[in-house]
Amino acid sequence: SVEVAYEQPAPGRGVYETARLDVSTGGFFGLSRASREETVASPMVVYPSIQRIARFPFEQMALEPGFENAEWSRKGGGQEYFGVREYTRGDSLRHIHWKSSARLGQLIVKEYQREYRSTAVVVVMLFEPAFGDSRSNSVEDGLRCAASILDYYQAEGGMPRLAVPVGGSVEVLTQASFRENLYALAVYRAPERPTDASRSIAEALYLAERATAPGSAVALVTNAGAGLISAGLEGISMGEPPAVVAVVDGSYGPDWDTGRSILEVEELIVKLPRDAHLFVMTRGQEIGSCLSAPLDTTKR
């Protein structure tokens, strides 16, 4: 048997399914040599890098698990039967388990497992970048921002939903774990920038709203322009002011240092809703500090 150590290069995020090995052996005195190529199945997932965030504007109520109020019924009410327990003041008489109550001589009620609904959602709408290279562009930095927000939210004890574009539509991962959310970011494929990107943003926010509890917090991570973000936010009815992480695609281009940067940031401040928590991410900026300090648009 032969044991071989090898290194598998991973130039960026994604799933690396196999590694290729060239195996060769030589006979005595170097008179002969045999070689062949081997493929080793060793899938490896590379997630977007995570940076620690000091604070992020998810309200405290959104960091606590929320439960959906639903009607109880004997059958088909959408609630899982959990067990029985002693009656306590305030329990509905409809839930009394009469057979157990008669047998034990005290009131016993049926208990059901209530459905969990997240009270926060991270919506990622990052379109194909126009500038930058494969390692440094608005999509890759946007995904790093999204991963860092998910990490912050998990550290606070929450379990947010994640909404991402898939196959021309938007998918909300309703039962995904933290690692499954990171996997969705690792395999993220940026869609082509549509003619009206604001419709894509609006659709994503609408579907995210339907998948979360009323009054949920929402964070939008996008590299669309200021006007498209503003149009996409119109009509959003979530209770808390949205947090918008705007990754400025033009900052990865060649003319970013010619004063254009100030104009693009000013446009974001002017066009976005006044109560929105605005974060602006540009090339070379440290993600952790960017997401910990929103621009103050209310006093601008």
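How do the residues of the lining of the largest pocket divide into nonpolar, polar and charged? The answer is five nonpolar, three polar and five charged. For that count, Ala, Val, Leu, Ile, Met, Phe, Trp, Tyr, Cys and Pro are nonpolar, Asp, Glu, Lys and Arg are charged, and the others, Gly among them, are polar.

Before I go on, a word on what you are looking at. This is a predicted model, where local features need pLDDT of at least 70, side-chain atom pairs count only at pLDDT 80 or more, and totals for chains, interfaces and linings use all residues. Residues are numbered from 1 along each chain as its sequence is written, and side-chain values use heavy atoms, with hydrogens and water left out.

Back to that pocket. About 280 Å³ of space lies in it. Of its 13 lining residues, Pro 11, Gly 12, Arg 13, Ser 134 and Glu 140 are the closest to the centre. Helix H2 gives the most to this lining, with three residues. A pocket here comes from a 1 Å grid over the protein atoms alone: it is an open set of points where a 1.4 Å probe fits, with protein on both sides within 12 Å along at least five of seven lines, and lining residues have an atom within 4 Å of a point. Points are joined across faces, edges and corners, and the volume is the space filled by probe spheres set on them.

The second largest pocket holds about 240 Å³ of space. Its lining has 16 residues, and nearest the centre are Ala 224, Gly 225, Val 248, Asp 249 and Glu 264. Helix H6 (260–271) supplies the largest share, four residues. By class, we have eight nonpolar, three polar and five charged.

Now please find strand S8, residues 161–166. Helices (H or I, at least four residues) and strands (E, at least two) are DSSP runs, numbered from the N terminus. Is S8 mostly covered or mostly open? Mostly covered: five of its six residues are buried. Buried means under 20% relative accessible area, exposed over 50%, and partly exposed in between, with a 1.4 Å probe and protein chains only.

S8 has two partners, counting strands as paired if DSSP finds at least two bridges between them. With S7 (residues 120–125), the pairing is parallel over three bridges, and Val 121 stands opposite Arg 161. The chain gets from S7 to S8 through H2 (residues 138–155) in a right-handed β-α-β crossover; that is, with the strands pointing away from the viewer, the path from the first strand over the helix to the second runs clockwise. With S9 (residues 169–173), S8 pairs in the antiparallel sense over five bridges, and Ala 163 faces Val 172. S8 and S9 make a hairpin with two residues between them, and Gly 167 in the turn has a positive phi of about 55°.

Last stop, the largest nonpolar core, with 32 residues. Such a core is a set of buried Ala, Val, Leu, Ile, Met, Phe, Trp, Tyr and Cys residues joined through side-chain atoms within 4.5 Å. Among the residues with the most contacts inside it are Val 124 and Leu 162. H2 turns up again, giving the most to this core with eight residues. Val 124 sits in S7 and is buried, at 0% relative accessible area.
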